[in-house]
Amino acid sequence: MKTSSELSFASSGGLVIWLTGLSGAGKSTIANALNHELVKVGVSCFVLDGDDMRAGLNSDLGFSADDRQENVRRIAHVAKLVSSRGHTVVVAAITPSHAMRSIARSIVGETFREVFVDTPITICETRDPKGLYRRARSGTLKAFTGVSDLYERPDSPDLVLQTDALSIAEETGLLLELIGVEHETNAKASAPPLAPRAAGE
Ligand SMILES: Nc1ncnc2c1ncn2[C@@H]1O[C@H](COP(=O)(O)OP(=O)(O)OP(=O)(O)O)[C@@H](O)[C@H]1O
Ligand SMILES: [Mg+2]
């Protein structure tokens, strides 16, 4: 098992693993599971969750296109700062558009890794961990991504996690491989062949 000092990126800064996907797709769940595994093998990790950012640093922002973009810009700068000190940063934020992900990538630079948490909206809506889909469908929550606001599926992410086909342990295993950390075989999985999904699925 590699330690943090053996990882090639450790001296030049950690990677920024940017989890994008619909609300309820599993971004926060996966970010926390990955954090747990990285800490276990001695890799310093920091989770930047969109909800936490909106509760504090970004509490002045709403959900207009401009505000969403500003939200992403600030998260990306914090991610870059933290990762430049050698920590692996895991961002969990919807980041709905190509343009926003491109801004994040350009701010973070070459350590940016885009991970698409690809969960069909029907499943996100069934999970509805915060009751947001229910509110969006009833019209009490406006500009909700996937219902009344657009989510643009990433064109060429570094990794796709289809959470309807993988367990959380398998998803974590694939992320550890992306980061370059060897891990226990029982959590290993191969990325399933990707069947293209229709837009909005
Ligand atoms: N394979 C899986 N991977 C990730 N989450 C899963 C999986 N199977 C079921 N879940 C469940 O899906 C839910 C995902 O909720 P989570 O809060 O992580 O979503 P999110 O993408 O962070 O949403 P939001 O953008 O609203 O913060 C959790 O209740 C989690 O337990
Ligand atoms: Mg979340």
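Ground rules: I number residues from 1 along each chain as its sequence is written, and I letter chains from A and number ligands from 1 in the order in which they are written. Because the model is predicted, local features need pLDDT of at least 70 and side-chain atom pairs count only at pLDDT 80 or more, while totals for chains, interfaces and linings use all residues, and side-chain values use heavy atoms, with hydrogens and water left out.

Read from the N terminus, the order is β-α-β-α-α-β-α-β-α-α-β-α. I also noted that 47% of the 201 residues count as buried, that is, under 20% relative accessible area with a 1.4 Å probe, protein chains only.

Entry on H3 and H4: The axes of H3 (residues 65-84) and H4 (residues 98-108) come within 9 Å and cross at roughly 25 degrees, the axes being lines fitted to C-alpha atoms over the stretch in contact, with angles from 0 to 180 degrees between N-to-C directions. That angle makes H3 roughly parallel to H4, a term for angles under 35 degrees.

Entry on their contact: I listed the residues that meet (contact means heavy atoms within 4.5 Å), and these include Val72 and Ala76 from H3 and Ile103 and Ile107 from H4.

Technical notes
Helix = DSSP H or I, 4+ residues; strand = E, 2+ residues; numbered from the N terminus. Parallel < 35°, antiparallel > 145°, perpendicular 65-115°, else oblique. Buried < 20%, exposed > 50% of the residue type's maximum accessible area, 1.4 Å probe, protein only.
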